[in-house]
Amino acid sequence: MVRGIFATLAMLVALFALCVAEDAVAENTAAETAHAENAVTENASAEYVPVEKGEYSGAQGQQPTPKLIAAAATPVRDEDTAVETALLDSINRSRQQAGVAPVRTDESLRQAARLHARLMVANNDLEHQFPGEPSLLQRIADVSPLRLDRAGENIANVGCAGDAHDVFMHSPPHRENVLDPRFNVAGIAALWSHGRLYVVEDFVHAMTSYSQRETGRLVGEAIGEERRNAGLSELALFAPPHLDEAACALAKEDHPNARLVAASYTNRKVITYTQSQPGVLPSAALRLLENPSLRQYAVGSCYARNDAYPTGIYWVAILLY
């Protein structure tokens with residue numbers, strides 16, 4: 001009997017050794033709306049999507065579609081939710097050790113990861129974008145209402161569930177996504193196929209959500225600070241009709257066209273811009289605000305999605321009198 005126990009233990013050790021020795025393949029990508037850098041390396045890639053250009057090819061102003069959300073939410077027979085939970089715990093443990101705040105999970109982001117994991121299984125391949133598949137930002141936008149300005153993704157194909165996090169942490173590009181302090185939300189999918197585990201980790205930075213009133217207050221505070229710094233008197237706030245609607249109309253184009261607003265509000269200096277942080281004024285606004293003859297200002301705002309901004313951005317219009 002003792003001999004049988006040792007034989008069983010030896011078999012378990014052999015199986016474990018086989019598990020951890022399996023080949024593990026991983027790839028990495030990142031997309032953010034604040035930089036225009038592009039970098040690609042042989043076995044891992046980091047790509048950045050500049051907000052000025054965008055790469056959204058869907059319908060203008062598209063919101064998450066109920067049909068696609070329902071498809072993403074449908075349980076998959078080979079999905080391993082226990083592994084997904086363990087991966088999230090491992091991520092946050094590693095972030096804690098690095099002195100970084102934890103990420104929270106989000107079901108809509110998990111749905112985006114699940115859809116991509118299904119494609120990896122169907123194609124028996126690791127890719128961040130298969131032919132005909134939307135880009136990272138667009139496929140997140142297709143199923144998630146999150147307001148975000150940065151996204152990254154880790155993908156892997158491993159033979160043992162315990163390998164996935166180690167593979168990511170021993171690869172600099174993947175480790176960077178895991179430990180990036182700018183990310184605050186994660187969605188993870190893990191699917192088994194033919195003895196292999198396909199893992200998708202989607203990370204995003206979810207922005208603070210501001211109402212139109214709150215956005216106007218932030219912009220007004222920035223205007224007041226700029227005037228004080230220039231040694232000028234503060235401007236009085238006024239509220240012309242339909243300025244928020246005019247700001248929303250800007251989103252019908254891929255950039256904030258000041259002429260669209262100027263056509264409705266004549267004899268006014270007009271500033272229009274897009275920002276993930278609406279209280280950050282563009283340099284053109286700073287120059288105009290240094291005019292000592294100004295007496296009043298008005299702010300209109302709208303958070304909207306369009307072709308250039310698949311996950312949305314704040315559209316702001318400022319009138320100066």
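Select cysteine 248 and cysteine 302: they form a disulfide, with their sulfur atoms 2.1 Å apart. A disulfide here is a pair of cysteine sulfur atoms within 2.5 Å. The structure holds one disulfide.

This is a predicted model, where local features need pLDDT of at least 70, side-chain atom pairs count only at pLDDT 80 or more, and totals for chains, interfaces and linings use all residues. Residues are numbered from 1 along each chain as its sequence is written, and side-chain values use heavy atoms, with hydrogens and water left out.

**The bridge**

Stay on the disulfide of cysteine 248 and cysteine 302. The torsion about its S-S bond is about 95 degrees, so the disulfide is right-handed. The pair links distant parts of the chain, 54 residues apart.

**The two ends**

Colour helix H9, residues 243–250, to find cysteine 248. Then colour strand E10, residues 296–304, to find cysteine 302. Helices (H or I, at least four residues) and strands (E, at least two) are DSSP runs, numbered from the N terminus.

Which end is buried, and which is partly exposed? Cysteine 302 is buried, with a relative accessible area of 8%. Cysteine 248 is partly exposed, at 30%. Buried means under 20% relative accessible area, exposed over 50%, and partly exposed in between (1.4 Å probe, protein chains only).

**The whole protein**

Now zoom out and show the cartoon. The protein has eleven helices and eleven strands. Of its 321 residues, 50% are buried.

Next, look at contacts (heavy atoms within 4.5 Å). Among those with a separation of 6 or more, 72% are between residues 24 or more positions apart.
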